[in-house]
Amino acid sequence: MQVAQTENLLFVLGLFTATAAFVGIVFLLNSLIAPKNPGEAKGAPYECGLEQAGSPFVAQRLRFSTVAVLFVIFDANVILLFAVASRLHGDLLALVKVCAFIGVLALGLGYAWRKGALEWRL
């Protein structure tokens, strides 16, 4: 039994070593082969082939990230509800659990609404 565990450990260590060696070789080849001719055009910001519309160093508003996080949370939970609802099949306890989950989601949505997180201000 001890020999099998040692062989498994050596196999895993070999995998890690091979992975690290591969990554190191890729980075080494990239540094040797990649062209290195920086210039003004190469260092300029790129906007879909158009001239730059403004400064690239404009601070982003946190309002967008709040709405995006709320969307991801509620979107993922709605997908989870569809998966769970397809497996209910008349189970009353499961229905109560799903209703409690929807209630918690509704409380979270109400809290976000009350705090003004869903209002888009310019």
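Which residue takes a positive phi just after helix 4? Gly 116 does, at about 85 degrees. The structure is a predicted model, in which local features need pLDDT of at least 70 and side-chain atom pairs count only at pLDDT 80 or more, while totals for chains, interfaces and linings use all residues. Residues are numbered from 1 along each chain as its sequence is written, and side-chain values use heavy atoms, with hydrogens and water left out.

**Overall form**

- The protein chain has four helices and zero strands; helices (H or I, at least four residues) and strands (E, at least two) are DSSP runs, numbered from the N terminus.
- Along the sequence, the pattern reads α-α-α-α.
- The radius of gyration of the protein chain is 27 Å, whereas a compact globule of 122 residues would have one near 14 Å. This radius is taken over C-alpha atoms, and the globule rule is 2.2 Å times the number of residues to the power 0.38.
- Taken along the principal axes, the box filled by the C-alpha atoms is roughly 65 × 65 × 25 Å.

**Surface and contacts**

- The protein chain has an accessible surface of about 10900 Å², and 72% of this belongs to carbon and sulfur atoms. Accessible areas come from the Shrake-Rupley method with a 1.4 Å probe; for residues, only the protein chains shown count as cover.
- Of the 122 residues, 9% count as buried. Buried means under 20% relative accessible area, exposed means over 50%, and partly exposed lies in between (1.4 Å probe, protein chains only).
- Among contacts in the protein chain with a separation of 6 or more, 59% are between residues 24 or more positions apart. A contact means heavy atoms within 4.5 Å.

**Helix 1**

- A nonpolar patch on the surface is formed by Leu 9, Leu 10, Phe 11, Val 12, Leu 13, Leu 15 and Phe 16, with about 730 Å² of accessible area together.
- Patches are made of residues with over 30% relative accessible area and no salt bridge; like charges are joined within 9 Å, and nonpolar side chains (Val, Leu, Ile, Met, Phe, Trp, Tyr) within 5 Å. A salt bridge is a side-chain nitrogen of Lys or Arg within 4 Å of a carboxyl oxygen of Asp or Glu.
- Phe 16, one of the patch residues, lies in helix 1 (residues 2-33). Phe 16 counts as exposed because its relative accessibility is 59%.
- Thr 19 is also placed in helix 1, and it counts as partly exposed because its relative accessibility is 48%.
- Thr 19 and Val 67 are 48 residues apart in sequence, and their C-alpha atoms are 39 Å apart in space.

**Helices 3 and 4**

- Helix 3 has 24 residues and should span 34 Å at 1.5 Å a residue; its end C-alpha atoms are 35 Å apart, which agrees. The expected span is 1.5 Å times one less than the number of residues.
- Helix 4 (residues 92-115) also has 24 residues, and it reaches 35 Å from its first C-alpha to its last, close to the expected 34 Å.
- In helix 3, the buried residues are Arg 63, Leu 70, Asn 77 and Leu 81. Helix 4 is included in what covers them.
- In helix 4, the buried residues are Ala 94, Val 98, Leu 105 and Ala 112. The buried residues of helix 4 pack against helix 3 (62-85).
- Asn 77 lies in helix 3 and counts as buried because its relative accessibility is 17%. Leaving aside neighbours within four places in sequence, Asn 77 is in contact with Phe 101 and Leu 105.
- Val 96 lies in helix 4 and is partly exposed, with a relative accessible area of 49%.
- Val 96 and Val 12 are 84 residues apart in sequence and 46 Å apart in space, C-alpha to C-alpha.

**After helix 4**

- Arg 121 lies in the segment after helix 4. Arg 121 counts as partly exposed because its relative accessibility is 42%.
- Arg 121 and Glu 51 are 70 residues apart in sequence, with 28 Å between them in space, C-alpha to C-alpha.
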